[in-house]
Every structure is written in structure tokens, then in C-alpha cells.
Amino acid sequence: MNGPARRVAGKDAPAAAVRGAKETAQGAAGKRTPIAAAAGIFESYDPRQGRIFSLLDETGKLAPVSDGIPLLSDEQALAAYRTMVLSRQVDEWAVSLNRQGRMPTYVLNKGQEANSVGALMAVRPDDWFVPAFRELGGMLVRGISVEQYYLYWYGNEWANHMPVEKYHMTPISVPVGSQMLHAVGIAWGERYNGSDRIALSFMGEGASSEGDFHEACNLAGVWKAGVVFYAQNNNWSISLPWSKQSASATLAEKAFAYGFPGVRVDGNDIFAVYAAVTAGARHAREGKGPVLIEGLTYRLGAHTTSDDPTRYRSSAEVTEWEARDPILRLERYLLKRALISAEEIVKHREKSLACAQAAFEETERAPDTNIEDTFRYLFSDMPQILGEQLDRRRS
Amino acid sequence: MKVLTLIEAVTDALRTEMAADAAVIVFGEDVGLEGGVFRATVGLQNDFGEGRCFDTPISESGIVGAAVGMAIVGLKPVVEIQFSGFAFPAFNQIASHVSRIRNRTRGALSASLVIRMPYGGGIRAPEHHSESLEAFFGHIPGLKVVIPSTPHDAKGLLIAAIRDPDPVIFLEPARAYRAVRQEVPEEAYTVEIGKARVEAEGTDLTLVSYGAQMIEARHARAQLAAEGKSVELIDLRTIYPYDAAAVVESVKKTGRLLVAHEGPQSFGVAAELITAVMEQAFDRLEAPPTRVAGPDSIYPMPRGEHHYLLTTEHLVAEARKVLSYEP
């Protein structure tokens, strides 16, 4: 691997320095632990013991790792950075557009970029991507254009036109947690079809309170379905904190009750996310069944542009998490390793903003949904009843 | 030709399509080893293996949600909800995904699948086992909703549903499962979804029904014939898209309409058909079109079922009113 210099820690090697042993905002008794995991991430990081898998600290320093921990190459780290910055700029510009009255309610990804970018980079392009609705970065990795992404929040169903062979993904899913079941069926079906594709399913931590979370985990466990469940735990389900969402100390530990492994990772650490999802995807592809990865992260922005987070959370908490910004962290790493320069950082940010601006102009220019489309796609052939309703509307 | 009951015709359709297409898979609660609580899937696991006919945990949303995923990767899931009264936990998947994925992806993805469920009362079942949900499903844009009343239609409609590119809710009248026997072709055939069937011609009154209620409708027709009245009996067969044209055509001939269904009256199927007739055949009516339907009440437990279900006498009494109407 063309990765950064790393020391190889044997199975019995002394643990590298424990760093950043800071409590998470979730208040879990978690301490970040160093990498001594020849046995594998899922075996070594039991969430029930308060362990959180982390590789890149807030200063941009990568922990020494053992063999078997997959690391992003330099090229991948740079690509991840570019995608995360683009995601951030797409978000920022959308908020600005919303304030100008040009963009309806928009869901923000700010602060959570490393989760879906790292996860999508860790699976094959033909593995199934089953998003919730805060996975802009992952969608960019999968090849969805900014224009198409904006089109969704702009309010046009053509944004969801995602041919299978091109994207292997399902569209954004608003009904919380419901998409997890599709991932289970997709994984079951791919195995039935003789394919080794797996499904990567996203959800927020609030989804774990939904019945479909339970049904999806249970079915995936019983069927040994090749699914990587990735929960972005940003601690806040709109205004409800994790402490009021669940009496469970962690989300990841729920996996054990369903008979499969769960792990907590630092979701603002692209290296940790990438490594955990790579390991989870391998587990799923080898027919060993599902895994549940809980990415600890934070929504730096509002839930949507219609939300005012100052009503329910403190600015001190936000400031604390701003210091753990996944983009800053990766930036520091890249600077330390001289993989990027300060000028390139500024230039890339500007370029990303320009890209977002140009994309939205295209989105605004795109024709609105026409009335025929509102009727045409309900069924493969339009029933006469619908045809009559369409004619009435047109006349 | 074989003589089959309605439920045997369902099994026959499933076996026929599983044999013809490896993409067809059947799953649900107790459908594998046991062959379903009504025995609709009996023998299928034995014939096609556990990989194609299997039991699931008690997980209605899971069954339907997983079926959506399977359909996305090209399989044809035919799932069973054990009783329609248990479909409620799956409503989110049905209303938010099964019915919508084709529209919201502009045809890129589709949930081409069949959800079978026994429905309706009269089987002396416990609470939550006797509901008639066709109006619920009919109200969800993007679903086809089918109800057979005869073994021949059950096989042909189910094969049509399995081959249909759109999701089909296939409601099986539990009370009629073993009440009717009929000759059914051994080979595969389809009955077109969206087409009503004129079961018996007549000139004085159009009587429309579907599902198990057709049993009483047939008796009512015979009883009225003895009174010298000629009733045209239509089996609607498809709730959505409903065959308004067939009903309107018939009423243009008879001038009178009675719609009978077991499910609750308000916002029911009868209201829709009567509206179609009012809009399209108003000037041909000789009496106000009317309906006889289940009450807007909770389906009672077995000792009170008779307060809910419509008998032949109910239908005959309503029919006489329509027939004797003088402006």
C-alpha cells in the first residue's frame, strides 16, 4: 500500500500512546484506544467495553497501526479530502441559496462528511449504496453530480433517476430507518443471483428507535445477509439527544443482540471509517453476515435549513466539535505529510464553491417536472382511470 | 382440467410460476415447512427447496421491505402476510416504498412484487384476523389491488400479478378459500388485471360485488330470478385500477345499480363505482344507485360476526328497493 509511514505493531506489542482520550459528546464512557489489532477491528473494539476505533487524531497525526488495518493511500486521502471539501461547499452554498429564497428546505451534511465519503471509498463501485438522507459525500463518491443532488432538494423527482447498472444505489430515503430493510433484501437477492455484491446501508442514530431498524437487523442476522449497516450517530435527532433516544450506552452494542458484530468508530476520522467499512465489507462479502458500524460524529449545522439548533444545544458543544472537524483533521494530516499546500487548500475550496454555484445554475435551468411525468411513472402502463384524470388536468 | 378450490388454485398458480421462472420466490410466516396457516403454499418448499420458499421471522414490515430490495435486484418476490389484519406494521413499506419507488425514481427502479394476504370475515377467527382492507390499498397511488372470487380467476389473476411489472396486492377471500370448487386449466393462463367479469347477464338490475361477498350475490341473483327479476351480476375482480367501464356499460342496459361489499361502507369501493355511474350514465338511471356494505365499525369477534356480515337477505332486500323504485 502506498500509505503513510506506519509502524507495524505485533499482536503483543505494547499499545501505542493513548491519545485524545476525550469523552465524546455522547457522554459515553468511551476512550479512544490505539491500534493493536492484528485480530481485526471488530474483534478488538468491543463497544461494550467502551472502545472506539480511531486512527487519525485532531492534530492530523495517524496512529501506528498493525498489519491488516486497511489504510487510505496518499492518492485516496487526497481524493477523500477533495470530495469532503466539495460536499462542504455544496452544503454552504445551499444554505446561502435557501436564505436567498432560491432553495427550499435543505438537509445539511456539514461536519459528517468523513462518514459517507470514507464508507463509500471502502466498498466496490458495484456494491449497493442504500443511503438515508445525510450522505452527500458518499453520493459524490458514487458519481452523482452536484447538479443532480441539488435537483433533489430543489424538488424534482428526476434527481432520483438512478439507473441500476450505473449507480447500484437506491435514492435518498426520508422515512427514517425504512431503507435498512431494502439493503437486507438487496443483499439476500444478490446472493441468490450468485453475485458477491454487498449492501452498505446508512441510517442516523435516531433510526435505531424505529421498528424497521429492529426488523432489518433481525432479518439480516437470521439470513446472514451481506449488509454493512452504518449508523451516523451525530447525537441529535433534530432536537432529541442520544441520552433520550435510547437507554443503551452505545448504538453499536445492539448488534450483539442480533447475533452479529458491532463497532464504534470515530466518524470524523476518515481513516477509521475507511478501515472499519473495509473490514465490514470483507466480512459481509465472505458470507459471514452483517455488521453494524456506529460512526460517532456531529452535525455542525442545523438539521435542515428550517431548524434552529440553538434552541436545543449549547454553543460550547458546537465549538468543541468544530475542533474535531473531519475536514480540518484530514487537512492537517495532508499538510504534515506535504501532500497538499496551503495555497492548494484555498484554491480547492474556491474551486469547489465555484463548482457548487455552477451546478445550481444548471439545476435552476433544468425544466420543472411536467404534468405527464406526475402520472406516467406510477405504473408501467398508465391505467385508464389515471389517463382520464390527466386529460382533465390538461384541458 | 382439474377441479380445484380457490386456495388450491392459488397454490397451483404459485407452483406454475415458480417452475417457469427462477426469479419467483415465496416467503412469509409459516409458509415453508408448514405450507401456510391456510395451506396456500403447501408443498412448495418440498418442490423448490428452502432457497425459494422459506419461513421468515414474525416481521411484516421486514417481509415487505426485504421484498422491495429483492425486487430491485431483479427477483420476483411473492410474499404472504398471514392475515390482512397483520398488514398494518407493513403499511409504511407498502405506502412509502412499494407503491412509490417506480414513480420517485422515474422508472429507474421498481418494486415488481406480489403481496398475498387472506382477508375478510366469516371464518370465526380471533380479533385482528377478519379485516377487509381493499379500500386502504386502493387509496395508495401506485398499487394494483386484486381480489378473486373463483378458483379460475384466482389462478389466472395470480399468474397475471406475478408477471405484472407493477406491485400487486393480492387479497384472497378467506371465507371463499374452500367454499367454491371449479374446473381450472392445468396449464398457465392469465386473467387480465383491471377487467371486471360479467358472471351472469340480466336486464333489470346490475349487482356488483367481489371476493367472498360474491357468494351471497349469487344466491341473491337466484332468489330474485325466482321473483321474476333479471339481475346482471358483475364480479369486479380488480379494486385498482377498477373497471368502471364494465359497470357503466351494464347500468346503461339495466338502469339500476346495487354494489355489495363486506368492507366498511364509508369511503369504500361502492362509493367509487356509484360515482362513476353518476358521472357517466346519469341519464340512463331509473333509480338512485345504491350500496349495501359493511358497517363503519370494528370487525367483531366471532360471537358477533353475524352483526357485521351481509347475508343474502340483506342483498335481496336492498335489491328489491332499487328494483321497485318509482320516481
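Reader: How do H7(A) and H3(B) pack, in terms of angle and axis distance?
Author: This is a predicted model. In it, H7(A) and helix H3 (residues 60-72) of chain B pack at an angle of about 55°, with their axes 6 Å apart. That angle makes H7(A) oblique to H3(B).

Reader: Why give both an angle and a distance?
Author: Two packed helices are described by the angle between their axes and the distance between the axes.

Reader: Is the crossing of H7(A) and H3(B) left-handed or right-handed?
Author: The crossing of H7(A) and H3(B) is right-handed.

Reader: Which residues meet there, H7(A) against H3(B)?
Author: From H7(A), the residues include Leu181(A), His182(A), Ala183(A), Val184(A) and Trp188(A). On the H3(B) side, Gly62(B), Gly65(B), Ala66(B), Val68(B), Gly69(B) and Met70(B) are among them. By class, this contact of H7(A) with H3(B) has 10 nonpolar, seven polar and no charged residues.

Reader: OK, zoom out. How many residues does each chain put into the contact?
Author: Chain A gives 37 residues and chain B gives 33 residues.

Reader: Which helices of chain A each supply at least two residues of the side that touches chain B?
Author: Helix H7 (179-192), helix H8 (211-223) and helix H16 (384-394) of chain A each do that. The largest share of that side, 10 residues, comes from H7(A).

Reader: And by class, what does the side of chain A that touches chain B have?
Author: That side has 20 nonpolar, 12 polar and five charged residues.

Reader: Now chain A by itself. How many helices and strands?
Author: The secondary structure of chain A comes to 16 helices and nine strands. Its radius of gyration is 21 Å, close to the 21 Å that the globule rule gives for 395 residues, so chain A is as compact as a globular protein of that length.

Reader: What box do the C-alpha atoms of chain A fill?
Author: Roughly 80 × 50 × 40 Å, taken along the principal axes. Of the 395 residues of chain A, 52% count as buried.

Reader: What share of the contacts in chain A comes from residues 24 or more positions apart?
Author: Among contacts in chain A with a separation of 6 or more, such residues account for 77%.

Reader: Then a helix pair inside chain A. How do H2(A) and H13(A) pack?
Author: Helix H2 (residues 74-99) and helix H13 (residues 326-336) of chain A pack at an angle of about 145°, with their axes 10 Å apart. The crossing of H2(A) and H13(A) is left-handed.

Reader: Which residues in H2(A) and H13(A) meet?
Author: Leu78(A), Tyr81(A), Met84(A) and Arg88(A) are among them in H2(A), and Ile327(A), Leu330(A) and Glu331(A) are among them in H13(A). The residues of the contact of H2(A) with H13(A) divide into 10 nonpolar, no polar and two charged.

Reader: Switching to chain B. How many helices and strands?
Author: Chain B comes to 11 helices and 14 strands. A compact globule of 327 residues would have a radius of gyration near 20 Å, and chain B agrees with 20 Å. Buried residues make up 60% of the 327 residues in chain B. The C-alpha atoms of chain B fill a box of roughly 60 × 40 × 40 Å along the principal axes.

Reader: What is phi of Asn235(A), then?
Author: Phi of Asn235(A) is near 75°, a positive value in a residue other than glycine. Asn235(A) is in the loop between strand S5 (227-233) and strand S6 (236-237) of chain A.

Reader: Is Asn235(A) buried or exposed?
Author: Asn235(A) is buried, because 23 other C-beta atoms lie within 10 Å and the cut-off for buried is 20 or more.

Reader: And phi of Asp30(B)?
Author: Phi of Asp30(B) is near 65°, also a positive value in a residue other than glycine. Asp30(B) lies in the loop between strand S2 (24-28) and H2 of chain B. With 16 C-beta neighbours inside 10 Å, Asp30(B) counts as partly exposed.

Definitions and conventions:
Residues are numbered from 1 along each chain as its sequence is written. Chains are lettered from A and ligands numbered from 1 in the order in which they are written. This is a predicted model: local features need pLDDT of at least 70, side-chain atom pairs count only at pLDDT 80 or more; totals for chains, interfaces and linings use all residues. Helices (H or I, at least four residues) and strands (E, at least two) are DSSP runs, numbered from the N terminus. The radius of gyration is taken over C-alpha atoms; the globule rule is 2.2 Å times the number of residues to the power 0.38. A residue is buried if 20 or more other C-beta atoms lie within 10 Å of its own, exposed if 12 or fewer, and partly exposed in between; C-beta atoms are placed from the backbone. Two residues are in contact if their C-beta atoms, placed from the backbone, lie within 7 Å. Ala, Val, Leu, Ile, Met, Phe, Trp, Tyr, Cys and Pro count as nonpolar, Asp, Glu, Lys and Arg as charged, and the others, Gly among them, as polar. Axes are lines fitted to C-alpha atoms, for helices over the stretch in contact, and angles run from 0 to 180 degrees between N-to-C directions. Angles under 35 degrees count as roughly parallel, over 145 as roughly antiparallel, 65 to 115 as roughly perpendicular and the rest as oblique. A crossing is left-handed if the near helix is turned anticlockwise from the far one by less than a right angle, and right-handed if clockwise.
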